[in-house]
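Hi,

Here is the model I promised to pass on.

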Amino acid sequence: MKLNREAISNLEQNKCVATSLKNYAADMTGLTYHAGIVLAAMNGYGMYDRICDETCGITEPVREYFRQLCTVMKQTILTRCRGMEYQMGCGRLDNLRSAVIQDAQKAEEDSELLEQYALLMETLNPAYAAFLVVGQAGKPEKDVRPCMELLEMICRITAEDHLRNIEEEAVPFLISMEGLQERYYQPLYRYQLAFQDIVDGFSEEIQKKNLTGSYGILDKTRKLLSSSPFAPL
């Protein structure tokens, strides 16, 4: 990473503040994209596996939302679309997230149903975060290819009339993904800890260097990857 922890904590002493701010934004963008894909793939498989487990009793509204999410992921994060398609993709994910939150609020007194909505959001949020930075993150690293392939498989099979167990097909992808969550999410978490201090301390520099939009997107992805699945954006 171009901007290490010491540089983040000592930006005031850095002689190239503007460059450091750009490097910080670029590094956090890349980490957000890759961590988002990894988390979406892992949690997406977990959600699919639970839906296929008859003993879990996932309700039909949650199943349908998951089907819709898979459709949107196929149209967005898996195609790395740009321009108007990007704006439409953001709109679809935002609308879907708002609908899920609204139904989750209605289910506040049903702890089991609320847990199901939280599990759904654990796939939706990182997918949304990854897509928000898709145009700025560069080419995906080879390490996340198994994650992309697993998501592609889940999206494809979810579109079929009948869900089926995919554990045997998913195992090779899951094995390849081992350790990726820690590799991307832990450094991202450190960057996120510094985010507010940097925004508060260098707001003028961020504005002068036309980085306001980038930092605004990073703020939204930071909330999407937080431990609060229903956090407002």
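Thr-221 is buried, as its relative accessible area is 0% (buried is under 20%, exposed over 50%, partly exposed in between, with a 1.4 Å probe and protein chains only). Before I go on: this is a predicted model, where local features need pLDDT of at least 70 and side-chain atom pairs count only at pLDDT 80 or more, while totals for chains, interfaces and linings use all residues. Residues are numbered from 1 along each chain as its sequence is written, and side-chain values use heavy atoms, with hydrogens and water left out.

Back to Thr-221, which sits in helix H10 (residues 212-224); helices are DSSP runs of H or I with at least four residues, numbered from the N terminus. A polar atom of the Thr-221 side chain is 2.8 Å from the backbone oxygen of Leu-218. Setting aside neighbours within four places in sequence, Thr-221 touches Thr-32, Ala-129, Leu-132 and Val-133, where contact means heavy atoms within 4.5 Å.

Next, the rings. I pair Phe, Tyr and Trp (its six-membered ring) when the centres lie within 6.5 Å, and call planes under 30 degrees apart stacked, over 60 edge-to-face and the rest tilted. That rule gives 5 aromatic pairs. One of them is Tyr-24 with Tyr-191, stacked at 5.4 Å centre to centre with 5° between the planes. This pair ties together distant parts of the chain, with Tyr-24 in helix H2 (residues 17-52) and Tyr-191 in helix H8 (residues 180-201), 167 residues apart. Both Tyr-24 and Tyr-191 are buried.

Tyr-65 and Tyr-117 are edge-to-face, because their planes are at 65°, with ring centres 6.3 Å apart. Here too the pair links distant parts of the chain: Tyr-65 belongs to helix H3 (residues 60-75) and Tyr-117 to helix H5 (residues 111-132), 52 residues apart. Tyr-65 counts as buried at 12% relative accessibility, and so does Tyr-117 at 4%. There is also a cluster, in which ring pairs connect Tyr-24, Tyr-191, Phe-195 and Tyr-215.

Last, helix H4 (residues 83-106). Its 24 residues reach 35 Å from first C-alpha to last, close to the 34 Å expected at 1.5 Å a residue (the expected span is 1.5 Å times one less than the number of residues). Which parts of the model cover the buried residues of H4? Among them are H3, H5 and H10. The buried residues of H4 include Tyr-86, Gly-89, Leu-93, Arg-97 and Ala-104.

Cheers

Technical notes: Helix = DSSP H or I, 4+ residues; strand = E, 2+ residues; numbered from the N terminus. Polar contact = N/O pair within 3.5 Å; in protein donor to acceptor, adjacent residues only side chain to side chain.
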